[in-house]
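Please find below a colleague's note, written for reading beside the sequence and the model.

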Amino acid sequence: MNERDLLLGSVELKGAFTKRKEKRVNADRYQQGWIEWKTKSNGKKACRFRYWVQDESKSGEWRKAATPWEEGLTEKQAKKRLRDLMTAKEQELPKPPPVAVANEGLTLKEFVESHWENYQRNRGNKQSTRGSNSASLKNHIFPVLGSTVISAVSPTHISNFFRDLADKHLSTKSVLNIYQLLHVMFEVAAEHDLVESNPVRRKLQRPQYRHKKMPIWSAENVQKILQDVPARWKVLFWCIALTGVRVGELLALQWKDIDWDAKTISFGKSFWRGRLQDSTKTGQERVRHMPGSLDRILVKHLEGSKNIGPDDFVFCRSDDDSRPHDPDDLRREVLYPVLDRCGIKRTPRADGFHAFRRATSKYLRKAGGLELAAVQLGHKRMTTTDEHYNDRDMDDLKRAAELIEGTFGKDFAPEC
């Protein structure tokens, strides 16, 4: 085998999210290069080739360069194109680009406090997301990896971390959240050229997780709840049942968000851990139609309230306390007792106010189709609605069987 064959054999394809990097590492006269992939808006895959060039504005320094995006290349063709490009660059770049040392010795904890904080701020991550991330970092990641130099973290370190994490007996969903957090963190580190590649590998460390279907209330159960709820809470319960919004978004509702003439309610904020968030979970304002019954009970609620200024909350704690209700208190002290009185079995972590959204989705899917259910719930993708908010019952199976029978063979069925 000649030298060129050995060099070509050193090309390795690595995957990370939608980018795939291919590095060519061997003799000193060869630099590193890689392939980046993306899926364009037309659904076609495209790639470009990245490599190093000398930075003419800074003596002795290097910067990244890229070829234009190309469509229609297979992975094999792209690999060959990269090899050809690196061969062409051999004479231009006789020495490999120097390794950046500006952040040499940066620990994982120091990375989080600097680059990662900037990333979250630039991305506009919600306070709830940042709070969850901070808890995972403080309780699980920092104690094991926080003092480790980030460039020294290897796939083996990550595998050992998840092996030890199993001893804490966390839920699979919690472990998956930690995995996803680490994966994105090291992607950001790679973008800053702090690590050569992402040590968090899907095939090695990602936990197997299957979403557990939540129980869905029937329409009869929802009606029982609305009839049994104490008079003080009827308007709040009617609103959450008829709009299908999240409880945090409903509690953040202010009188100025209701358009009495247009018969609409706008949900653009959320209430989380005692603080008002300036956006919903998805970051989008959602407008809901206000049907006649909801219009009437809200008008009556307005007439009986003292806190009726534009910025006052529709559902405040009392006439003397204008703060929104605490959702946890409402669940424990109001919703759960109603469920018990109605004889509705409670499933842990499944029968909170979110159960109203699942009931709404199931009914709308049956009556008007999956798209209508996704629209009402405010989901960007119908797959989210179908996977997390629907189930298939015997009515669906019966209807499917009868449709098949009516189409393919009812008139031709043999006589018994």
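**Notes on the predicted model**

1. R286 is found in strand 11, which spans residues 286-289; strands (E, at least two residues) and helices (H or I, at least four) are DSSP runs, numbered from the N terminus. This is a predicted model, in which local features need pLDDT of at least 70 and side-chain atom pairs count only at pLDDT 80 or more, while totals for chains, interfaces and linings use all residues. Residues are numbered from 1 along each chain as its sequence is written, and side-chain values use heavy atoms, with hydrogens and water left out.

2. Not counting residues up to four places away in sequence, R286 touches several residues, including R246, I265, F267 and L377 (contact means heavy atoms within 4.5 Å).

3. K269 lies in the loop between strand 8 (264-267) and strand 9 (270-272), and at 17% relative accessibility K269 also counts as buried. The side chain of K269 makes polar contacts with the side chain of Q254 at 3.3 Å and with that of D257 at 3.2 Å. Neighbours within four places in sequence aside, the residues in contact with K269 include E249 and T280, and R286 touches E249 and T280 as well.

4. The axes of helix 8 (residues 219-228) and helix 9 (residues 234-243) come within 9 Å and cross at roughly 160°; axes are lines fitted to C-alpha atoms, for helices over the stretch in contact, and angles run from 0 to 180 degrees between N-to-C directions. Helix 8 and helix 9 are therefore roughly antiparallel to each other (over 145 degrees). Here V222, I225, L226 and Q227 in helix 8 meet K234, F237, W238 and A241 in helix 9.

5. Helix 8 also packs against helix 12 (residues 327-342), their axes coming within 10 Å and crossing at roughly 115°. In this contact K224, I225 and D228 in helix 8 meet V338, L339, R341 and C342 in helix 12.

Terms used
Parallel < 35°, antiparallel > 145°, perpendicular 65-115°, else oblique. Buried < 20%, exposed > 50% of the residue type's maximum accessible area, 1.4 Å probe, protein only. Polar contact = N/O pair within 3.5 Å; in protein donor to acceptor, adjacent residues only side chain to side chain.
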